[in-house]
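Subject: Handover of a model, with notes

Dear colleague,

I am passing on the structure below, and I would be glad if you could read the notes beside it.

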Amino acid sequence: MSRLLDALTRNRVWKSIVRHGYPDTNKNRTLLVFSNFFLHAHPVKARLRAFAFSRTLYLGGLSIGCFALLIITGTLLMFFYRPAVPQAYHDMKDIEFVVFTGMFQRNLHRWAAHAMVALVFAHMALTFYRKAYRPPREFNWVIGVLLFVGTVLLSYTGYLLPWDQLAYWAVTVGTNMAGATPFLGDWIKRLLLGAGRIGESTLIRFYVLHCVVLPLAVGFGIGLHIWRIRKDRGIYLPPRPGSVESSGDEPADEPTAMTFPHLLLREGVAGVALTLALSLGALLADAPLEDIANPDRTPNPAKSPWYFLGLQELLHYWRPSISGVLLPVLTLVALAAIPYFQINLDRRPLWESPRRRTLARLWAAIALLTALFWKSGAHPVWAIMVPLWGIGVVMSLGAFVQGKRGAARAIRERSLPFWIFTWFLVIVVVLTVVGTLFRGPGWSFVYPWRSGLYL
Amino acid sequence: MALVDDLEHPPTSQESARRRFLAAVGGGALGVGALGAAITTLRFIEPSVVYEEDKRIAVGRPEEIAVGTVLVLASGKVYLLRTEAGFIALSTVCTHLGCIVRPEAGSGGFACPCHGSRFRAEGTVRLGPAVRELRRHPISVEDGLLIVDAGAFTEDRAAFTVPA
Amino acid sequence: MKSKAPTAGPPLHFTALLAALAILSVLLVATLALAPARSYFTGWRRIQRRYNTLVARTHGRPVTVGIKQVWIPERGVVDRCPTCHLSAGVARPIEGDRLFAAHPVIPHDPRKLGCTPCHGGEGRATSQREAHGEVRFRGEALLARADVEAGCGSCHSHLPTPSRAAAEQGRRIVEEVRCRDCHSGERDLRSVGLRGVPADWHATHLGRTVGDVSFGPLADEEIAPVTAWLSTLVGAPRLMAARMLAAESGCRGCHRIEGVGGDVGPDLTGEGRRPMEGLDFSAVRGPHTLPGWLRAHFLDPQSVVPESAMPGLGLSDEAAGLLTTYVLSLRAATMPLEQAPPDRVRGLGLRQRDFAADGESLFGVFCVGCHGRRGEGSKLPTLASRVPPIGDPEFLAIAEDRYLRESIARGRPGRLMPAFGSTDTGLRPAEIDALVGYLRGFMRASPEPEAVLAEPVDEALGLRLFAENCAGCHGDRGEGNLIAPPLGAPDNLTTRADSPILGTLTNGVNDTAMRSFRHLDARSLRALVATVRALPPPPMARTGWTRRPGDAARGEGLFATHCATCHGRRGEGGRGPSLRNAGFLASATDDHLTASIVRGFPGTEMPRFGTGDALRARLLPAQVADLVAFLRGWAPSPRTPIHGARHAR
């Protein structure tokens with residue numbers, strides 16, 4: 001066996017391709033990482049603390065893993081897909097019915113897309129809590145927000161391609177949302193649709209966006225994102241107790257380990273685990289394909305993909321220019337602005353200020369917001385108000401609990417931005433869950449355990 | 001022959017002014033070009049013609065459509081009502097986000113399956129989130145036939161009456 | 001770069017992670033191997049292997065294992081059914097095997113037509129469950145064996161459908177004259193109706209001599225029924241039975257089918273292939289399929305769709321099954337006309353009817369659903385108002401031909417009655433006239449005058465009938481007034497003798513409010529004649545009598561008191577129909593209005609104002625005239641009917 005390996009590697013051709021020896025010495029391990037195009041984003045040695053799973057949950061890496069799977073399965077699907085009406089729908093059926101492992105590829109593509117949206121969002125949330133956008137990493141956070149937008153757009157443009165009822169009406173809702181933009185709405189809609197309403201011209205546009213423009217943009221964005229992390233000496237790690245935080249250079253006594261094999265092994269395990277999970281999903285659950293798109297008949301209920309159902313739920317309350325344009329844009333701007341205002345970085349804990357006054361202000365703000373969300377929409381927005389009250393109560397506990405450890409301390413020491421961001425996360429989750437599970441025909445409120453799921 | 005980096009030597013003030021000017025001209029030109037290219041590209045993507053079939057529907061002789069009649073046209077996308085005041089062609093495309101509203105049992109109005117808006121029979125909003133009443137299609141009479149143009153919309157709120 | 005062994009800090013778990021990688025990798029490869037396995041180990045592959053094993057026993061030719069499909073691009077047909085149903089055009093049939101047996105002989109070649117156009121189902125699918133439409137969204141339902149003839153409707157959308165009675169009569173005649181003695185085997189008549197039965201077939205047939213078999217001519221009145229029966233022979237007996245049942249159930253009164261019919265209910269064209277989306281199965285017992293839903297809906301519409309206005313037709317299980325087959329056959333055929341079968345070309349291209357055009361058949365096609373088989377009227381579920389009994393002799397006595405024609409052609413605005421004459425595809429003038437003629441048949445035949453006059457005279461009955469039926473217009477003592485002439489002899493020439501009075505009573509007087517009273521029995525008629533004969537001489541001379549218009553201003557007040565409760569304050573309708581619409585006012589003459597007010601609308605809530613009752617005051621003739629004048633103010637005058645006048649002559 002080893003003789004065979006030797007014969008394979010000890011010749012000029014092999015050595016011209018792989019220009020280092022077998023990675024059994026640190027020199028060769030260094031060379032492996034250093035001289036390999038595919039690994040050049042890695043440092044030769046990484047800080048030990050960065051290895052810990054609990055620090056990042058590998059969310060960023062898993063997102064990239066999804067992206068890679070999507071590129072592969074997507075390219076394969078392109079071999080059988082024509083972006084034309086009605087061929088697109090028939091091609092989907094052919095992919096499902098006759099293409100060898102076509103159903104599996106399509107399922108994998110669909111579930112990886114969903115997973116990527118969720119992972120990227122989770123990655124963003126964790127980055128906030130870890131305060132990893134600390135200078136000089138502000139702009140990389142912005143790139144990350146843009147990558148999130150790119151991910152959602154990728155998923156959304158892909159949603160139309162099967163040309164079934166689900167696709168058609170989700171995209172109708174989405175493009176009309178874009179059409180509600182003040183001043184530019186009609187122009188944007190026309191640009192997206194390529195016509196007055198969704199048709200073949202829309203399909204080809206979404207196809208080009210989905211298969212060429214957005215993957216290139218997101219791929220480039222990922223490269224930039226990683227490159228900047230590398231230039232900032234790896235992922236952000238909080239200063240160790242006792243050492244002074246510097247602008248990026250780790251202190252000389254920070255323990256490190258070789259990237260090969262330790263970091264690569266971890267990445268390998270994560271990648272294989274992700275592929276395994278998604279493959280299992282693709283084997284067990286089939287991606288939906290409904291009846292062919294019918295512009296004359298809206299299914300009831302007509303639902304967007306799940307990651308837009310929170311937005312669709314909002315659309316139930318306010319006009320599209322608010323729910324569909326103003327709120328998302330404001331949210332994105334606010335997210336992008338977080339690092340530039342040092343939000344959540346150096347804030348004092350909320351309960352350092354005089355307790356009574358803070359309490360009064362807090363509940364005055366909550367009352368104001370409650371009034372706002374009760375009255376401003378077509379219906380009271382419970383999905384926003386209930387989390388608001390819940391968080392308010394938890395926050396207020398901080399004024400009374402005394403403990404020096406555990407949950408009590410955690411509650412006492414959080415800053416206001418922490419709570420606001422958490423509120424935002426809870427709203428996103430609650431709105432999405434309500435839109436997904438609790439909405440039935442005519443967007444009426446239903447209990448899934450009584451009337452079943454409307455998906 | 002050795003090349004000399006002329007940035008190594010401090011320039012004369014005239015030389016720096018010249019450099020600034022040239023940089024401004026070059027950069028400006030490229031900037032204008034990039035902006036122009038961006039606009040042109042956007043205009044390139046924007047469709048100049050639209051492939052859509054003629055959606056004018058000849059309904060029939062107006063005098064043969066009695067007051068109180070409701071006609072369903074274009075497979076449910078248009079409701080033609082003849083009221084006391086005249087003809088109204090309602091578009092059933094929801095003014096909220098473009099789903100097709102359906103007749104609602106009981107109320108005589110319409111309900112949207114996407115976000116739950118409710119409309120009255122003549123198209124006004126009964127329940128949000130829609131804020132605008134159902135849009136109307138222009139109606140005309142040609143050769144004695146009532147024509148509903150389902151491809152266009154009108155802001156005219158008055159019911160159509162056949163000109164004498 | 002100096003390498004420095006980490007002296008402190010957590011362990012890196014190298015071996016454990018390597019183990020995790022190994023285990024996960026093995027699992028991943030195993031999982032990934034399942035995907036091709038799932039695509040490889042398919043039902044159809046097993047079936048084809050089985051075929052090859054079976055065929056090897058008889059030294060037949062095996063098939064190459066793989067997906068087989070019929071592709072007919074111009075029809076958009078991609079059918080992979082032969083992948084399993086190998087005998088359908090791909091391989092030699094194996095008799096006795098359920099799957100590989102030969103297809104029954106049909107007039108079509110499956111290789112040219114495909115499978116799904118007839119059988120339904122999802123042609124692109126390659127698994128049984130999906131191909132047969134048993135998976136939601138993943139396949140269109142396959143037509144069950146019982147409904148398979150519905151598939152013919154994919155192309156044969158306009159099969160001419162005679163009335164069941166005619167076809168049945170034709171069948172009996174054919175059996176009597178023993179046509180089948182010759183027409184068997186080669187000359188079988190099985191699908192003679194497919195190309196359309198030529199109108200002159202009988203003459204042509206007579207011209208032929210087949211051997212020495214004589215063919216006696218049919219009686220003239222026998223030709224039509226036999227033609228009707230021949231036209232049902234299309235090789236799809238169940239479909240024809242279903243179509244004949246549908247044609248006498250009045251579906252098209254409310255539903256538009258292939259462009260013809262009312263717009264009260266949903267258009268049924270294509271209903272046989274409607275998506276299951278939106279169907280509520282919560283009240284459907286039995287299979288949750290489109291046929292299951294349709295059958296449950298036919299048996300009890302409101303249990304399935306609570307807000308449905310569809311009348312319960314009181315169907316037997318079998319009839320509901322037939323109508324289900326019928327609806328399943330409405331498959332919204334789309335094909336260029338040059339590829340269409342003859343019946344579709346005749347229906348769409350030449351605009352020939354696919355139903356018989358006699359009055360009775362038309363009544364079955366359009367009216368029966370709401371007005372009942374004998375025109376007895378009905379109460380539609382979920383609707384407050386009743387459907388008027390248009391077969392009621394009293395109603396027919398009031399209604400002029402022209403009023404009936406206009407109501408059919410223009411509908412009753414504000415009511416469900418659609419305007420059947422308003423579009424190209426609606427009823428044609430001749431058809432409307434045939435319908436009116438058929439309606440007139442519901443009126444009782446006039447009794448023989450001799451028989452009536454021979455009846456004994458019942459004075460009390462005569463006085464009561466006069467008060468109920470005549471006094472409203474002619475005055476309590478027949479003295480005449482604004483709207484009707486005096487009756488008393490000697491000035492009134494008609495009333496000088498019994499028989500002219502009887503004639504007027506049974507026939508009415510054309511173009512006046514005086515309608516036929518032939519629905520009364522002979523004894524009543526005799527009594528009325530006697531009462532009229534006995535009327536005192538009128539105070540004013542007949543020669544001086546003219547009809548004078550009422551006073552619209554007074555009529556307005558009367559309208560508010562007596563009519564507005566039901567017809568709306570401005571006549572816009574409510575419980576009663578809208579009166580304020582051009583169509584109605586144009587077709588209703590002053591006399592019709594007068595008669596309706598005085599005599600009411602039998603079978604509906606419109607009371608007899610001419611006599612009054614416990615709840616309502618009686619309106620005097622002058623008041624009726626005022627009311628008519630007021631109503632007339634909404635539309636200047638009745639106009640020429642849209643058509644019919646020239647046919648009526």
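Predicted model: local features only at pLDDT ≥ 70, side-chain atom pairs only at ≥ 80, totals over all residues.

Residues are numbered from 1 along each chain as its sequence is written, chains are lettered from A and ligands numbered from 1 in the order in which they are written, and side-chain values use heavy atoms, with hydrogens and water left out.

**Chain C**

Chain C has 27 helices and four strands, where helices (H or I, at least four residues) and strands (E, at least two) are DSSP runs numbered from the N terminus. Of the 649 residues in chain C, 47% are buried; buried here means under 20% relative accessible area, exposed means over 50%, and partly exposed lies in between, with a 1.4 Å probe and protein chains only. Contact is taken as heavy atoms within 4.5 Å, and among the contacts in chain C between residues at least 6 apart in sequence, 64% join residues at least 24 apart.

Within chain C, helix H18 (residues 429-440) has 12 residues, which at 1.5 Å a residue should span 16 Å, and this agrees with the 17 Å between its end C-alpha atoms; the expected span is 1.5 Å times one less than the number of residues. The buried residues of H18(C) are Glu431(C), Ile432(C), Asp433(C), Leu435(C), Val436(C) and Leu439(C).

**Interfaces of chain A**

Chain A and chain C bury about 3500 Å² between them, with 65% of it on carbon and sulfur atoms; buried area is the accessible area (1.4 Å probe) that two parts lose on being put together, summed over both. On the chain A side, Phe97(A), Leu265(A) and Leu283(A) lose the most area to chain C, together 19% of what that side buries. This contact takes 39 residues from chain A and 37 residues from chain C.

Leu24(C), in helix H1 (residues 14-40) of chain C, touches Val269(A), Val272(A), Ala273(A) and Leu276(A), when residues up to four places away in sequence are not counted. Leu24(C) counts as buried because its relative accessibility is 18%, and its C-alpha atom is separated by 81 Å from that of Arg569(C), which is 545 residues apart from it along the chain.

Between chain B and chain A the buried area is about 2400 Å², of which carbon and sulfur atoms give 55%. In chain B, the residues that lose the most area to chain A are Leu97(B), Arg102(B) and His115(B), together 23% of what that side buries. Here the contact takes 27 residues from chain B and 32 residues from chain A.

**Domains**

Domain bounds come from an automatic or database domain assignment, which divides chain A into domain 1 (2-39), domain 2 (47-313) and domain 3 (347-451). The C-alpha centres of domain 1 and domain 2 of chain A lie 35 Å apart, and the contact between these two takes seven residues from domain 1 and five residues from domain 2. Domain 1 and domain 2 of chain A bury about 470 Å² between them, 86% of it on carbon and sulfur atoms; Arg29(A), Val33(A) and Leu39(A) supply 61% of the area that domain 1 buries against domain 2, more than any other three residues.

For chain B the assignment gives domain 1 (13-45) and domain 2 (56-149), and the C-alpha centres of these two lie 54 Å apart.

**The sheet in chain B**

Three strands of chain B form an open sheet in the order S2-S3-S4, with antiparallel pairing, two strands being paired if DSSP finds at least two bridges between them. The edge strands are S2 (70-73) and S4, each of which pairs on one side only. Four bridges join S2(B) to S3(B), and the bridge partner of Val72(B) in S3(B) is Tyr79(B).

Five bridges join strand S3 (residues 78-82) of chain B to S4(B), with Leu80(B) opposite Ala89(B). S3(B) and S4(B) form a hairpin with four residues between them, and Gly86(B) in the turn has a positive phi of about 145°.

In a regular strand the side chains alternate between the two faces of the sheet. In S4(B), Phe87(B), Ala89(B) and Ser91(B) point one way and Ile88(B) and Leu90(B) the other way, and all are buried.

With best regards
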